[in-house]
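Please read the following briefing alongside the sequence and the coordinates.

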Amino acid sequence: MNEKEIITSWNEAVELYKSNPDDHASIRQARDQLKTVISSYPKQGVSKLCYNVAILSRLLGDNATDLEYLNLCLSKDQHNAIAYYQRGLVQYAMKRYADSAKDFQQCVDSMRQATLIDYAQLGLRCKLYQHEVIYNEAACHLKLGNRKNCMYALLEVKKLIDKDTTKVLHTLDIQTPIESVRNGGNTLEVIVAGEGKLYTPPVSKLNNLAKKNYLGKAKVVSSLQTGDTFSGFVGPKLKALDRVKKVTACIVGAILC
């Protein structure tokens, strides 16, 4: 696939899902289309598409494929905070609480002390808040019976909320779960963000699809040697085409990661 084909197929899959977000047949079709694109470019950076397949799989109740493609996503981009967050959620749903806690901690580390990451500029309508990630880590510790680590995480959340001068973080009532755990409570519900949200192709690439032709049109070059009836690409032309293909592959990889 060249860049135009990948962007077109990616966009078609997203639009198909958006037009029928509650229809499992449409979700499955969109997922299969994205998986086809990924399989066509196994060595390139396709982390965004892997993320999309994971999210669509979750909507289908397919936790195994969800986890598989988040693993693949993170193998392409090891600093993808939102992917660690989503993997933490699916691990929690699969009752793998220790692995879930590790993913939420890795998510916090990948945020690099940022209290908020807004992924809108990258094509994903999702905001990732550090205090919500740590809250989910607390929920994992409680499931594991580690009340000390759970309380420590909850108090970290409280510190972040108390330091927030914008009052944006104050929508989370942290005092109630703190008191509940102190009094022997055993239940904390994880916070889910980005549910059903997919990465969309760059708008600039969509707008320019009709204007660009990265490979150009192949031209047949007749042999210049007398008596040679061969028509095709002569040596220099073949080398030039090979260079164009390599440049195209690099461009495609940069867009998808």
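The briefing below begins with the chain as a whole and then turns to individual residues.

This is a predicted model, in which local features need pLDDT of at least 70 and side-chain atom pairs count only at pLDDT 80 or more, whereas totals for chains, interfaces and linings use all residues. Residues are numbered from 1 along each chain as its sequence is written, and side-chain values use heavy atoms, with hydrogens and water left out.

**Overall architecture**

- The chain has eleven helices and four strands, where helices (H or I, at least four residues) and strands (E, at least two) are DSSP runs numbered from the N terminus.
- Of the 257 residues of the chain, 44% count as buried; buried means under 20% relative accessible area, exposed means over 50%, and partly exposed lies in between, with a 1.4 Å probe and protein chains only.
- Among the contacts in the chain with a separation of 6 or more, 63% come from residues 24 or more positions apart, a contact being heavy atoms within 4.5 Å.
- The accessible surface of the chain is about 14,100 Å², and carbon and sulfur atoms account for 51% of that surface; these areas come from the Shrake-Rupley method with a 1.4 Å probe, and for residues only the protein chains shown count as cover.

**Helix 6 and its surroundings**

- Helix 6 (residues 97–110) has 14 residues and reaches 20 Å from its first C-alpha to its last, close to the 20 Å expected at 1.5 Å a residue, the expected span being 1.5 Å times one less than the number of residues.
- The buried residues in helix 6 are Tyr97, Ser100, Ala101, Asp103, Phe104, Cys107, Val108 and Ser110, and their cover includes helix 5 (81–93), strand 2 (127–129) and helix 7 (130–143).
- The count of aromatic pairs comes to three, under a rule by which rings of Phe, Tyr and Trp (its six-membered ring) pair if their centres lie within 6.5 Å, with planes under 30 degrees apart counted as stacked, over 60 as edge-to-face and the rest as tilted.
- One of these aromatic pairs is formed by Tyr92 and Tyr97, which are edge-to-face at 5.1 Å centre to centre with 65 degrees between the planes, and both Tyr92 and Tyr97 are buried.

**Salt bridges**

- A search of the whole structure finds eight salt bridges, each defined as a side-chain nitrogen of Lys or Arg within 4 Å of a carboxyl oxygen of Asp or Glu.
- One of them joins the side chains of Lys205 and Glu3 at 3.6 Å, N to O; this pair links distant parts of the chain, with Lys205 in helix 10 (residues 203–207) and Glu3 in helix 1 (residues 3–19), 202 residues apart.
- Both Lys205 and Glu3 are buried.
- Lys18 forms a salt bridge with Glu15, with the closest N and O atoms 3.6 Å apart, and these two residues are separated by about one helical turn because they are three residues apart in helix 1.
- Lys18 is partly exposed at a relative accessible area of 49%, and Glu15 is partly exposed at 38%.
- In helix 9 (residues 175–182), Arg182 and Glu179 lie three residues apart, about one turn of the helix, and their side chains meet in a salt bridge at 3.3 Å, N to O.
- Glu179 is partly exposed, with a relative accessible area of 32%.

**Cysteines**

- The search finds zero disulfides, a disulfide being a pair of cysteine sulfur atoms within 2.5 Å.
- Cys73 is in no disulfide, and the nearest cysteine sulfur, that of Cys50, is 6.1 Å away; Cys73 is buried, with a relative accessible area of 0%.
- The sulfur of Cys107 lies 9.8 Å from the closest cysteine sulfur, in Cys126, which is too far for a bond, and Cys107 is buried, with a relative accessible area of 0%.

**Positive phi angles**

- Most residues other than glycine have a negative phi.
- Lys95, in the loop between helix 5 and helix 6, has a phi near 65 degrees, a positive value in a residue other than glycine, and Lys95 counts as exposed at 63% relative accessibility.
- Arg112, in the loop between helix 6 and strand 1 (116–118), has a phi near 55 degrees, also a positive value in a residue other than glycine, and Arg112 is exposed, with a relative accessible area of 60%.
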